[in-house]
Amino acid sequence: MKDRTGEIPEKIVLVLQGGGALGAFQAGAYEALCRAGQEPEWLAGISIGSINAALIAGNRPGKRLDALRRFWEGVTGAPWLLGSCFEGGPIHEQMRAICNEGRATMSTMLGAPGFFRPRVPDLFSFLPGLMRQTSWYDTSPLRETLLELIDFDYLNDEGPRLSVGAVDVETGNFTCFDSRETRITVDHIMASGALPPGFPAVEIDGRHYWDGGLVSNSPLQFVLAVPSQRPLCIYQVDLYPSRDIMPRTMAQVEQREREIRFSSRTRLNTDEFRIRHALASAARRLHARLPAEFRGDPDLAMLIESGPAHPVSLMHLIYRHADYESASKDYEFSRLSMLDHWRDGLRDAERSLADPRWTDRQVPEDGLMIFDRNDPHQQKQGAV
């Protein structure tokens with residue numbers, strides 16, 4: 001799609017939320033975009049989203065899907081996650097739930113290959129108040145995996161723009177490391193996914209960082225705040241829905257609490273976008289009505305520049321958990337679940353890309369069109 005003038009092509013942006021083992025859904029969604037020729041010019045991610053984003057941005061177009069497959073097949077390749085519950089055959093939902101919980105338990109006990117492994121406690125770890133370790137797991141396997149699968153020279157010098165979010169442990173401030181301003185290293189990707197207390201903080205330039213999801217589990221706000229000279233086409237792939245049914249059991253309460261805590265606050269970010277767009281539009285109309293001697297006022301120029309100059313189309317793809325899944329779904333690293341998640345992401349993205357409400361979309365006067373094919377409350381131009 002082009003903007004209303006029909007002259008300026010859209011900039012394709014891929015925004016990826018955090019969500020651990022559910023990140024295979026994002027890989028499937030990217031495969032659909034790749035097939036449709038929608039290669040992103042800018043990727044922004046948090047936690048597992050930053051890992052997927054770096055795997056894409058750090059490889060040439062023909063090698064990106066292979067890098068994603070190698071990562072996800074690697075981290076779900078442990079024998080203790082493959083050998084049970086008839087991986088290849090149909091499983092009743094109750095049995096599948098039991099199997100998933102067993103696999104999640106094994107992940108917590110033994111880790112995931114190429115990703116994380118349990119730390120061996122020291123002699124003082126069992127004495128109250130004397131535990132000297134600051135995380136339950138060692139993520140050095142992830143460092144080795146990323147260095148193997150990502151070409152950081154290509155990422156920084158030739159690849160699409162990459163932005164990853166992390167939190168300064170001491171100040172609590174959210175930081176977005178951007179390849180247009182900072183040379184991205186494996187440490188920046190590790191920092192974005194360093195969720196405590198499981199994973200250790202990562203030091204960068206003397207500061208220590210944790211997972212960006214502690215403050216914001218999606219970098220959408222950062223993307224919308226950056227001035228753009230072209231219309232944006234944003235594909236936002238979330239792993240936690242902001243909407244779901246009322247919990248009826250304690251297990252559902254735990255799952256719903258996690259979903260609310262880590263959902264993307266998309267409505268908050270898009271409402272802010274619309275407000276800034278309305279202010280800038282009003283300032284431009286005022287500018288046109290003023291006498292020439294007042295049009296150069298710096299305060300008026302600031303108001304005009306405070307809002308987006310070009311429209312945004314946003315496709316919202318959201319993983320919606322299966323009935324047999326629980327709050328452990330984001331650390332259940334089995335091959336079967338990974339394949340299910342990848343397939344779901346591929347299917348949802350393909351169907352959304354082919355939907356006439358998306359292919360024939362028109363951006364409204366407020367400058368923002370949001371499309372979620374699976375949202376029953378959404379009309380053609382409805383909000384998420």
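This passage describes the overall make-up of a predicted model, the surroundings of serine 135, and a set of salt bridges.

The secondary structure of the chain consists of 14 helices and 11 strands. Of the 384 residues in the chain, 52% are buried. The accessible surface amounts to about 18,100 Å², and carbon and sulfur atoms account for 56% of that area. When contacts between residues at least 6 apart in sequence are considered, 72% of them join residues at least 24 apart.

Serine 135 is located in the loop that runs between strand S3 (117–118) and strand S4 (137–138). Serine 135 has a relative accessibility of 3% and is therefore classed as buried, the limit being under 20%. Two polar partners of the serine 135 side chain can be described. The side chain of arginine 119 makes a polar contact with the side chain of serine 135 at 2.8 Å. The backbone oxygen of tyrosine 137 is 3.0 Å from a polar atom of the serine 135 side chain. With residues up to four places away in sequence left out, serine 135 touches Arg119, Pro197, Gly198, Phe199 and Pro200.

Across the whole structure, 22 salt bridges were found. One of them joins the side chains of arginine 60 and glutamate 158, with an N to O distance of 3.2 Å. This pair links distant parts of the chain, 98 residues apart: arginine 60 is in the loop between helix H2 (48–57) and helix H3 (64–75), and glutamate 158 is in the loop between helix H7 (152–157) and strand S5 (161–168). Arginine 60 is partly exposed, at a relative accessible area of 42%, and glutamate 158 is exposed, at 52% relative accessibility.

Another salt bridge is formed by the side chains of aspartate 153 and arginine 183 (3.4 Å, N to O). Because aspartate 153 lies in helix H7 and arginine 183 in the loop between strand S6 (174–178) and helix H8 (186–192), the pair ties together parts that are 30 residues apart in sequence. Arginine 183 is partly exposed, with 45% relative accessibility.

The side chains of arginine 161 and aspartate 178 also meet in a salt bridge, at 2.9 Å from N to O. Arginine 161 belongs to strand S5 and aspartate 178 to strand S6, and the pair links parts of the chain 17 residues apart. Both arginine 161 and aspartate 178 are buried.

Notes
Residues numbered from 1 in each chain as written. Predicted model: local features only at pLDDT ≥ 70, side-chain atom pairs only at ≥ 80, totals over all residues. Heavy atoms only, no water. Helix = DSSP H or I, 4+ residues; strand = E, 2+ residues; numbered from the N terminus. Buried < 20%, exposed > 50% of the residue type's maximum accessible area, 1.4 Å probe, protein only. Contact = heavy atoms within 4.5 Å. Areas by Shrake-Rupley, 256 points an atom, 1.4 Å probe, with all protein chains shown as cover. Polar contact = N/O pair within 3.5 Å; in protein donor to acceptor, adjacent residues only side chain to side chain. Salt bridge = Lys/Arg side-chain N within 4 Å of Asp/Glu carboxyl O.
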